[in-house]
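Let's take a walk through this structure together.

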Amino acid sequence: DPKNLTLRIELGRTLSDLGAFGDEKASDSAVDLFKTLHKEQPKDATILAFYGNACTIYALFSSIFTKLSWVDDGFDYMDAAVKAAPDNIDVRVTRAINSAQVPGFLDRGGLAKDDFAWLLKHIQTNPKDFTPDLLRVIYYFDGKFTFEQDDANCVKLLELAQAIPPTPESTLGPKIADLLKSAHAKFQKSPY
């Protein structure tokens, strides 16, 4: 349904996810779709955040001459979305995960840390705002980011992610289990 905004946004998110897994055509389609949606809904911070995420993913497929431009535009869109709607969970989750996944030299780790801290605080104060699947995603990606920062707090985050029953379509189960095993090995020293 080309008039159903919710379905179009979900399509764009799915295309972005496919792009992140290596599908260039899907990534290109995600950028085009979110560009159109942003033109139609210029004040929608969630669409702007998703558009920014799609741009950074598309940078994976762009030429060496345009790669940084795509990344910079994507970061600008996500940052503008957080500035416009700092209490929007979708905006914060999108920027947190994107910032945690990009290479360190792009200097987004501080934003990832801030966004994850905001999300964890919001989970404590407003748990009903989060579906179990979203909680699982937040705990996993924060745990992964924290593990990569050599922080033992990753164990607790990954245990929280593992404790939430997965939905049938979830693919995070094996990733959570593998990373938790590595985190236990790295941070939980045997008393013997």
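**Charged partners and pockets**

Begin with arginine 92 and aspartate 115, whose side chains meet in a salt bridge, 2.9 Å from N to O. This pair links distant parts of the chain, since arginine 92 sits in helix α5 and aspartate 115 in helix α6, 23 residues apart. Keep in mind that you are looking at a predicted model. Side chains of opposite charge can pair when their charged atoms come close.

Are these two partners buried or exposed? Arginine 92 has a relative accessible area of 11%, so it counts as buried, and aspartate 115 is buried too, at 0%. Both belong to a network of salt bridges that links Asp79, Arg92, Arg95, Arg108 and Asp115.

The structure holds eight salt bridges. Another one joins glutamate 40 to arginine 8, with the closest N and O atoms 2.9 Å apart. Glutamate 40 lies in helix α2 and arginine 8 in helix α1, so the pair ties together parts that are 32 residues apart in sequence. Here arginine 8 is buried, at 16%, while glutamate 40 is partly exposed, at 40%.

Now turn to the pockets. The largest pocket has a volume of about 1400 Å³. Of the 40 residues that line this pocket, Asp17, Ala20, Ile97, Gln101 and Phe141 lie nearest its centre. Its lining divides into 20 nonpolar, 11 polar and nine charged residues.

The second largest pocket has a volume of about 250 Å³. Helix α6 gives the largest share of its lining, five residues.

How values were computed
Residues numbered from 1 in each chain as written. Predicted model: local features only at pLDDT ≥ 70, side-chain atom pairs only at ≥ 80, totals over all residues. Heavy atoms only, no water. 1 Å grid on protein atoms, 1.4 Å probe; cavity = no way out; pocket = protein on both sides within 12 Å on 5 of 7 lines; lining within 4 Å. Points joined across faces, edges and corners; volume = space filled by probe spheres on them. Nonpolar A, V, L, I, M, F, W, Y, C, P; charged D, E, K, R; others polar. Helix = DSSP H or I, 4+ residues; strand = E, 2+ residues; numbered from the N terminus. Salt bridge = Lys/Arg side-chain N within 4 Å of Asp/Glu carboxyl O. Buried < 20%, exposed > 50% of the residue type's maximum accessible area, 1.4 Å probe, protein only.
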